[in-house]
Each structure stands twice: as structure tokens, then as C-alpha cells.
Amino acid sequence: MANVVLVTGGSGLVGKAIQHIIETEPEGSRFGKKTGEKWVFAKSSDGDLRDPEQTRKLYEKYKPTHVIHLAALVGGLFKNMKYKLTFLRENILINDNVLHASHTHKTQKLISCLSTCVFPDKVEYPLDENKIHSGPPHESNFGYAHAKRLVDVQNHAYKEEFGCNFTSAIPTNVFGPNDNFDLEDSHVIPGLIHKCYLAKKNNTPFIVSGTGKPLRQFIYSYDLAKLFIWQLREYDDVEPVILSVGEDEEVSIKEVADAIVKAVGFQGEYSFDTTRADGQFRKPASNKKLITLMGGFEFTPFEQALDTTVKWFLQNYDNARTGKK
Ligand code: NAP
Ligand code: GFB
């Protein structure tokens, strides 16, 4: 029987990127589809994963042999700060239902998606896979962070009690086509692309939130997609893997804003609203484990990936997730 790979959250930024790679890489290649393999990219209307019954029905319908579990309530700093309990509860419900259904339906392999914000805020840098539980996460997103950390605990419990082949991936901040460009709820790159586009269009000031000093690592969604496919094919261990560019690729929010101003071609006034939160100052993650296991990986240069993302946004503005126009 051919493998059936179910991607929960298949209609989002990362899900669409995996779909793009699976549909464009040569069949049988390292990041391509295997002959006879069926891929299912599920969205919330295919089954609300907060509901155990709808989750069970989704598994009954597709009988996945493998699952890449991306579905989650996701948002940027400002949305996380506003809805800590909602992020905690909804993500705990979604994750518990997916892990339980993967167990009861004897799924051969499950990869869940965490985030580098799960790591402790106060810990020796760089962050690596052994430091997940060694202190509280940053207060700005502790709801989401604890829900994601719990998945690592659940994976170990399912493995010890039932021998399940459950593991997880820990991406850094992601960006690319099909992102959420909502002005308030989105992450920094899509949020600033949208704000800069409107400032250029309306000849108004471009305002970046915070001081511009925080540092972040950003991975292009299409690169991350290849790394998920690698983990699906070649990694069978319960311990998580950080999926990220190198820690030397950290950039400041000001550098990101400068690159967006250049990519959008904005020439107007550009300033920082320091009354708004900076959130966590930095969360530098080591990708040493990944690169050692993969034998190397060529990441897309940041400015090239940003250009592609801006072009996608300008060409798809009317259908993109922009929240309030
Ligand atoms: P996204 O673009 O917001 O997509 C979220 C996906 O989850 C959508 O397909 C959505 O379906 C689905 N979903 C949400 N609630 C659901 C529910 N109750 N039942 C079923 N499906 C539901 O998110 P993303 O940025 O691709 O994130 C994918 C994964 O990466 C998440 O686990 C996130 O925590 C993790 N992550 C993201 C980042 C980042 O910077 N974006 C960084 C690190 C980790 P609909 O389209 O139908 O709403
Ligand atoms: O991407 P972002 O929302 O997430 O914000 P975090 C990154 C930084 O960009 C913060 C600044 O220092 C913001 O102050 N920033 C400047 C902006 N302008 C903007 C803007 O217009 N929109 C946004 N959103 N930020 C999130 C976590 O933290 O990282 C999530 O809260 C998740 O749970 C995600 O883990 C990957 O990197 O600060």
C-alpha cells in the first residue's frame, strides 16, 4: 500500500510551501514525491482539529501513514501578547487531538511543528535542542510557547508507553508567499511588507513598531519545506530538530525594515514607534544538529527570498490574507 502523507495546516504559509516543493521537485529526488505516494493538504474546513470527533473523521477519511502536523493558532508578537490563554488552549486542544488520532490510527510517523519561542528567555546562547525545558519562555508568548513545549513531552510519553514514532521540528521565524499579511496579527516581515506597500500607495509615513533593535533569524518557507521533507524521509528519533539558518544569520528588525523599503521601492518618510513592544530581544538558535545530520544545506539568500515574497504579495494582493484592507 502506497504511503499517504497528511499535512495538517496545509493551507497556511508552511503548508503551501511544502505543497509547492512536493509538486515541483523531480519525483524520487531527495525533496520530491515518491512514486505512488499520496499527499493531502488539509485546511480547517476539512476538519476543525480542536474537535476530537472531526479529527477522528479526518483520519478515517484519509488513513494517513505519515503526518506533518502544522495546524495551529498562529500569530505575531502583538496577537500573542493579547490572547495568551486562547493561544495556550486552542493549541493544546489541536495538538492533543492530532497526537491521539495518530496513535489510535497507527500512523507510522508524525512530525509536529514547534517554534524557537519555546526556548527559555534567559539561558546560555546559542539555543540548542537540549535547552527546551530549562527555564520559562519569554512572557510575551508564554501561552503559545507552553502549548508547543507540551508536544515534546507528549511525544516522549507516546514513545515510552506505546512505542509511537512521533517527533518534532523547531523552526525559527518563517516568511514567504501565502503568509498572513494582516496589519496587526501578522509576523514582522509580512506586516511590514503590507505597511510599506500602503505607505507607498497612499504616500503616508512607513512606521515600524518598536526600537528596531531586536535580532531574529528568518527562514524562507520554501527552504523550510525541504527540511520538513528531509525530516519525514531521513530522521527517526523522538528528539526535536531545530530547522533554521545559521546563528550567524541573525538580523536586526531595522535591517529587515531597510530591506523591505528597498524591495518595495519606498522613498518616503520611515520611522520607529518606540511606544510599541519589542518583545524578546533575541532567540539565536544553533542549526548544528540539522546540518550535521543532513550533510549540509544551501539556504536561499535573505534578500532574494524577500524580493520573491514582495513580488508575490504585489501580484496576489486581492487574494492574499491581508485582514483589514
Ligand atoms: P498559518 O499560515 O497561520 O496557517 C495555519 C494553518 O493551520 C492553516 O492551514 C489553518 O487552516 C490551520 N488551522 C488553524 N486552526 C485550525 C483548526 N482549529 N483546525 C484545523 N486547521 C487549523 O501558519 P504557518 O505560519 O504556516 O504555521 C505553520 C506551523 O509552523 C504552525 O504550527 C506554527 O506554530 C509553526 N511556526 C510558524 C512560524 C512562523 O513564523 N510563521 C515560526 C515557527 C513555527 P485555515 O487556512 O483553514 O485557517
Ligand atoms: O515577527 P514578530 O511578530 O514575532 O516580531 P516575534 C518580531 C519583532 O518585530 C518584534 C518588531 O521586535 C516587533 O516589535 N516589529 C516591528 C513588528 N514592526 C512590526 C510589525 O509591523 N509587526 C510585527 N508583528 N512585529 C513571535 C512569537 O515572536 O515569533 C510567536 O510571539 C511565534 O509566538 C513567532 O513564535 C515565530 O519573533 O517577536
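Here are some friendly questions and answers about the predicted model above.

Me: How are residues, chains and ligands labelled, and what pLDDT do local features need?
Reply: Residues are numbered from 1 along each chain as its sequence is written, chains are lettered from A, and ligands are numbered from 1 in the order in which they are written. Side-chain values use heavy atoms, without hydrogens and water; in this predicted model totals for chains, interfaces and linings use all residues, side-chain atom pairs count only at pLDDT 80 or more, and local features need pLDDT of at least 70.

Me: Which residues come nearest to ligand 1?
Reply: A residue is near a molecule if one of its heavy atoms lies within 4 Å of it. There are 28 residues around ligand 1, and those that come nearest are Ser11, Ser44, Leu70, Tyr144 and Arg321.

Me: How many residues of the shell around ligand 1 are charged?
Reply: Asp, Glu, Lys and Arg count as charged; Ala, Val, Leu, Ile, Met, Phe, Trp, Tyr, Cys and Pro as nonpolar; and the others, Gly among them, as polar. The shell around ligand 1 has 13 nonpolar and 10 polar residues, and the number of charged ones is 5.

Me: What percentage of the accessible area of ligand 1 does the protein cover?
Reply: Let's begin with polar contacts, which are pairs of N or O atoms within 3.5 Å (within protein, one must be able to donate a hydrogen and the other to accept it, and residues adjacent in sequence count only if both atoms are side-chain atoms). Polar backbone atoms of Val14 and Val174 each lie 2.9 Å from an oxygen atom of ligand 1, and a polar side-chain atom of Lys148 is 2.8 Å from an oxygen atom of ligand 1. Accessible areas come from the Shrake-Rupley method with a 1.4 Å probe, and for residues only the protein chains shown count as cover. On its own ligand 1 has 900 Å² of accessible area, and the protein covers 86%.

Me: Which side chain has a polar atom 2.6 Å from an oxygen atom of ligand 2?
Reply: In the side chain of Ser115, a polar atom lies 3.0 Å from an oxygen atom of ligand 2. For Lys283, an N or O atom of the side chain is 2.9 Å from an oxygen atom of ligand 2. The side chain with the 2.6 Å distance is that of Lys195.

Me: How much of ligand 2 does the protein bury?
Reply: The shell around ligand 2 has 10 nonpolar, 9 polar and 4 charged residues. Taken alone, ligand 2 exposes 700 Å², and the share buried by the protein is 98%.

Me: Which strand supplies at least two residues of the shell around ligand 2?
Reply: Helices (H or I, at least four residues) and strands (E, at least two) are DSSP runs, numbered from the N terminus. Helix 3 (77–82) and helix 6 (188–202) each supply at least two residues of this shell, and so does strand 7 (206–209).

Me: Where does the cis peptide bond to Pro126 lie?
Reply: Most peptide bonds are trans. The bond from Tyr125 to Pro126 is cis, with omega near 0°. Pro126 lies in the loop between strand 4 (109–113) and helix 5.

Me: What is the phi of Lys106?
Reply: Most residues other than glycine have a negative phi. Lys106 is found in the loop between helix 4 (84–104) and strand 4. Although Lys106 is not a glycine, its phi is positive, at about 50°.
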